[in-house]
Amino acid sequence: MTEEKINQTDAKLPSFGGVLFVLLFLAVGMAISVLWLSIPVHVTLILTIVVAALVAMQYGYTWQEIQDAMLYGANLAMLPMLILMIIGVVIGTWVASGTIQTIIYYGLLILSPSYFLVAASIVVALASMSTGSSYTSGGTVGVAMMGIGAGLGVPAAMTAGAVISGAILGDKMSPLSDSTNLASAVGEADLFDHIKSMMYTTIPAFVIALIAYWLLGLFYVQGTADASQVELITSTLRESFVINPIMLIPPILVIVMAVKKVASLPTMIAASLVAALLALIFQGSTITEITNVMNYGYTGSTGVAEVDQILTRGGLQSMMWTVSLGFVGVGLGGILEKTKMLEVFLSKFSSLVANTGGLIATTVVSAIGLNLATASQYMAIIITGRMVIPEFKKKKLLPRVLSRTLEDAGTVFSPLVPWGLCGVFFTGALGVPTTQYFPFVFLALFVPIIAVIYGFSGYAIWYEGDFDDPTAYSAQENIKS
């Protein structure tokens, strides 16, 4: 992991100064874009790509190599982007079918503002754990929770924070999750050992988050909802749509297909087609109308502004801003990885891993930094894991410690990056900017801190010999030899 070692193997290695210039350009440019001049972040990222390409060319990289690096990043994002587009279709058809309205209607009848945030986080967590996808749960059940929260008078940023915290928890703890499987593979840990290990950091953080949401509901949000507002919304939904438990078939189908381990993309397509059929049968939609909803989204027309605002959402086109930003972000990430800029930058921190606490902290900070630089949790997990795994082996830590730490920062922080894949998804699906929901995604804020505390305290940090583990690095090396 030292720069000297890298220099021996790559004649086209960028200098640390050149790499630092690119990363500072990205950080300062994003700060100016988001906080000051309101420059579209797409443009800022494209300018950063230009700067990164020029710096890489100075060290001998050709345009073809840089282009291949961008395509490499785009390839990593292809499946998530396809899922994102289909979720836009799902949201539109679920509104057209009355599925979202049915969830909102019954939710308003049984939930109170004082415990709504707690309930929303738990419900979304269960949905995310069942499907193995924070995108699926956030874009479906999460959207319904946003509607319920609006009806109860809960600030949208708080509701989004609770939804995302639940989505992250379920995603991390589900054996069906792509990030969970990826982190365990990169860390060379058994999948279920990895999940058990994550309980030590994720569950305490989720409990703290639920307490925080309960306190928000108790002291910040009014203890009782505006009865007239709730009545207005429920009566409008009842008069304008068929509200019936039958409309809950699409989310039930998603859960069933997830249990059957059907892939996310066909699951989402099936859920949207079933919802479209319900819209045709029960809500009086025509084929032309439902196909337009699939593409452009649903537009509320009840005549009640509050309800129309909740229901106007979805459609494939509504996700294209998010998709384009995601592709630009991972294109930049591909350049930073393939031209070894990230490798050079991380090599400067090799002295910080002298002890286990420093190693865990460095892994957490690196994964967060790579989330910011590459716009992808997948890249953050893969690159960080590849860079630090020799140190974990040297210290004889068990693989589950590395795999857990990769998720404690790589996965949980990704929704907090405004230009990252997860950040742009939740902004598009929930209708709340990342900068607004950031302070309320308590799980994502607490987990990395807990991981670092464990690293320095030694709690839940396991070494070879603490108990029998056939996936221990030394055991794997013996098998290979």
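Modeller: Buried means under 20% relative accessible area, exposed means over 50%, and partly exposed covers what lies in between. The model discussed here is predicted.

Colleague: Why is T267 called buried?

Modeller: T267 has 3% relative accessibility, and the cut-off for buried is under 20%, so T267 counts as buried. T267 lies in helix α14, residues 264–282.

Colleague: Which residues does T267 touch, leaving out those up to four places away in sequence?

Modeller: T267 touches V254, M257 and V262.

Colleague: How do you know whether L336 is buried or exposed?

Modeller: The relative accessible area of L336 is 1%. Buried requires under 20%, so L336 is buried. This residue belongs to helix α17, residues 320–338.

Colleague: What does L336 touch beyond residues up to four places away in sequence?

Modeller: V22, L23, M341, L342 and A373 are the contacts of L336.

Colleague: What makes L218 partly exposed?

Modeller: L218 has a relative accessible area of 41%. L218 is part of helix α11, residues 191–220.

Colleague: Which residues form a nonpolar patch on the surface with L218?

Modeller: The patch consists of M199, Y200, I203, V207, I211, W214, L215, L218, F219 and Y459. Together they have about 980 Å² of accessible area.

Colleague: How many aromatic pairs does a search of the whole structure find?

Modeller: The search finds seven. One of them joins Y200 and Y459, at 6.2 Å centre to centre and 65° between the planes.

Colleague: Why is the pair of Y200 and Y459 called edge-to-face?

Modeller: Ring centres must lie within 6.5 Å, and planes over 60 degrees apart count as edge-to-face. Y200 and Y459 have values of 6.2 Å and 65°, and their pair is edge-to-face. Y200 sits in helix α11 and Y459 in the loop between α24 (442–457) and α25 (473–480), so the pair ties together parts 259 residues apart in sequence.

Colleague: What kind of pair do Y454 and Y459 form?

Modeller: Y454 and Y459 are at 5.0 Å centre to centre with 75° between the planes, and this pair is edge-to-face. Y454 has a relative accessible area of 12%; the limit for buried is 20%, so Y454 is buried. Ring pairs link Y200, Y454, Y459 and W462 into a cluster.

Colleague: What makes helix α22 mostly covered?

Modeller: In α22, residues 421–430, eight of the 10 residues are buried. These are L421, C422, G423, V424, F425, F426, A429 and L430. Just after α22, G431 takes a positive phi of about 75°.

Colleague: Which members of the largest nonpolar core touch the most other members?

Modeller: F116, I148, Y213 and L237 do, out of 154 residues in that core. Helix α4, residues 63–97, gives the most to this core, with 15 residues. Leaving aside neighbours within four places in sequence, L237 is in contact with Q101, I104, Y105, I243, V307 and L311.

Definitions and conventions. Residues numbered from 1 in each chain as written. Predicted model: local features only at pLDDT ≥ 70, side-chain atom pairs only at ≥ 80, totals over all residues. Heavy atoms only, no water. Patch = residues over 30% accessible without salt bridge, like charges linked within 9 Å, V, L, I, M, F, W, Y side chains within 5 Å. Areas by Shrake-Rupley, 256 points an atom, 1.4 Å probe, with all protein chains shown as cover. Salt bridge = Lys/Arg side-chain N within 4 Å of Asp/Glu carboxyl O. Helix = DSSP H or I, 4+ residues; strand = E, 2+ residues; numbered from the N terminus. Buried < 20%, exposed > 50% of the residue type's maximum accessible area, 1.4 Å probe, protein only. Contact = heavy atoms within 4.5 Å. Core = buried A, V, L, I, M, F, W, Y, C linked by side-chain atoms within 4.5 Å. Phe/Tyr/Trp six-rings, centres within 6.5 Å; stacked < 30°, edge-to-face > 60°.
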